[in-house]
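Biologist: I would like a close look at a single part of this model. Please start with a strand and go on to a helix pair.

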Amino acid sequence: MNASPISSVNLSTNATVSTAHRLQLEPISTPHRLLLGPGPSNADPRVLQAIARPPLSHLDPLYLELMNEVQEMLRYAWQTDNRITIPVSGTGSAAMEATIANTVEKGDRVLVGVIGYFGLRLVDMCNRYGADVEVLEAPWGEALSFQSIEEAITRHRPVLFALVHAETSTGVCQPLDGIGALCREHDCLLVLDTVTSLGAIPLKLDEAQVDLAYSCSQKGLSCPPGLGPFTMGPRAEAKIERRKGKVPNWYLDMSGLKSYWGKDRTYHHTAPVNMNFGLREALRLLCEEGLENAWARHRNNSEKLWLGLEELGLELHVPHALRLHTLTTVRIPAGVNGKAFSSHLLDKHGIEIGNGLGSLAGEVWRIGLMGTNSTASNVDLLLNILELELPAFRSGRVAA
């Protein structure tokens with residue numbers, strides 16, 4: 001008689017079981033951090049409470065109703081009537097890739113505006129999907145001029161122009177005046193990265209004639225990372241319907257996702273239900289505050305920060321007219337080890353600020369005031385610490 005599978009396993013000598021048995025871990029415990037870097041920002045406590053609610057099935061009628069509410073509030077946050085407006089189950093980079101995967105076909109000519117690190121990520125993604133990519137670049141700390149964009153679109157005749165609205169690596173807000181109309185004149189889709197602007201910086205997608213946009217949950221919306229808001233207008237839908245082949249990414253293919261998020265609610269994947277609970281609460285809080293009030297709050301607190309930094313003798317990297325209200329790049333003073341000071345802030349005060357990225361590594365700090373973290377009290381706290389403790393790093397009294 002054959003031995004049963006269970007009796008043939010010697011659990012006492014099984015290496016995996018033995019190793020697991022030796023691991024006596026405590027329940028997870030994390031310190032409180034004030035996240036004043038490039039993201040994530042701290043989540044609103046009410047959002048965390050929503051995430052901790054008992055989960056529902058992703059096809060439960062109550063959850064399907066919640067999906068409707070999330071979609072409608074995302075439309076409000078973006079100021080759009082786009083039918084396909086959903087949170088992609090993944091981080092902001094997943095929403096970015098969903099945008100490119102659905103609209104770019106092999107051989108498509110794509111123009112990418114690069115004003116920092118995340119423009120380069122768009123270039124990389126477009127190349128991976130077989131696009132014929134042209135790059136229009138500005139120095140890190142500057143924006144693209146309308147004239148340079150017009151010349152590039154006229155010369156290259158792209159089917160898609162991708163642009164970062166709020167460049168997290170440099171702190172630049174790209175002006176949008178006239179770009180949407182220009183793209184329509186040349187039968188070109190306009191894609192906009194709003195990862196660091198949604199819910200915090202004035203943006204009206206339909207008015208700006210933007211065809212596709214994506215964002216994240218963890219910055220201006222004050223929700224933990226894990227969802228990527230995505231929206232597409234009728235011109236983008238029409239391009240997808242004209243595709244010669246399937247979208248080469250099953251998980252992010254909008255032809256399937258729009259059925260789950262559309263009126264049919266056809267099963268596609270097991271959605272991160274509790275994360276959508278959190279996003280629903282984050283959007284509810286944005287609606288409760290009012291979009292224009294949220295924009296004004298971010299503007300006022302960033303201007304308070306800028307003035308305070310300049311009064312301390314620090315130099316801001318971006319000209320005033322182009323600065324983000326969510327993220328400020330400040331030049332690291334000569335003789336100061338930037339990483340040492342940011343580590344000091346984290347270790348002594350539990351405050352995170354960001355170091356430079358890409359060509360600005362070692363040159364700037366990146367200070368974020370996003371979502372629930374955009375408060376006058378947070379600005380005062382950081383300025384006070386800089387005033388009292390940065391001089392020691394300038395003088396060399398603190399070792400690098």
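Modeller: What follows covers the strand, then the helices.

This is a predicted model, where local features need pLDDT of at least 70, side-chain atom pairs count only at pLDDT 80 or more, and totals for chains, interfaces and linings use all residues. Residues are numbered from 1 along each chain as its sequence is written, and side-chain values use heavy atoms, without hydrogens and water.

Take strand S2, residues 84-89. Strands (E, at least two residues) and helices (H or I, at least four) are DSSP runs, numbered from the N terminus. Six of the six residues of S2 are buried, so the rest of the structure largely encloses S2. Buried means under 20% relative accessible area (1.4 Å probe, protein chains only). In a regular strand the side chains alternate between the two faces of the sheet. Both faces of S2 are covered: Ile 84, Ile 86 and Val 88 lie on one side, Thr 85, Pro 87 and Ser 89 on the other. S2 pairs antiparallel with strand S10 (residues 227-232) over six bridges; pairing needs at least two DSSP bridges. Phe 230 of S10 is the bridge partner of Ile 86.

Now the helices. The axes of H4 (residues 92-103) and H5 (residues 117-128) come within 10 Å and cross at roughly 45°. Axes are lines fitted to C-alpha atoms over the stretch in contact, with angles from 0 to 180 degrees between N-to-C directions. Ser 93, Met 96, Glu 97 and Ile 100 of H4 make the contact with Phe 118, Arg 121, Leu 122, Met 125 and Cys 126 of H5. Contact means heavy atoms within 4.5 Å.

Note on methods: Buried < 20%, exposed > 50% of the residue type's maximum accessible area, 1.4 Å probe, protein only.
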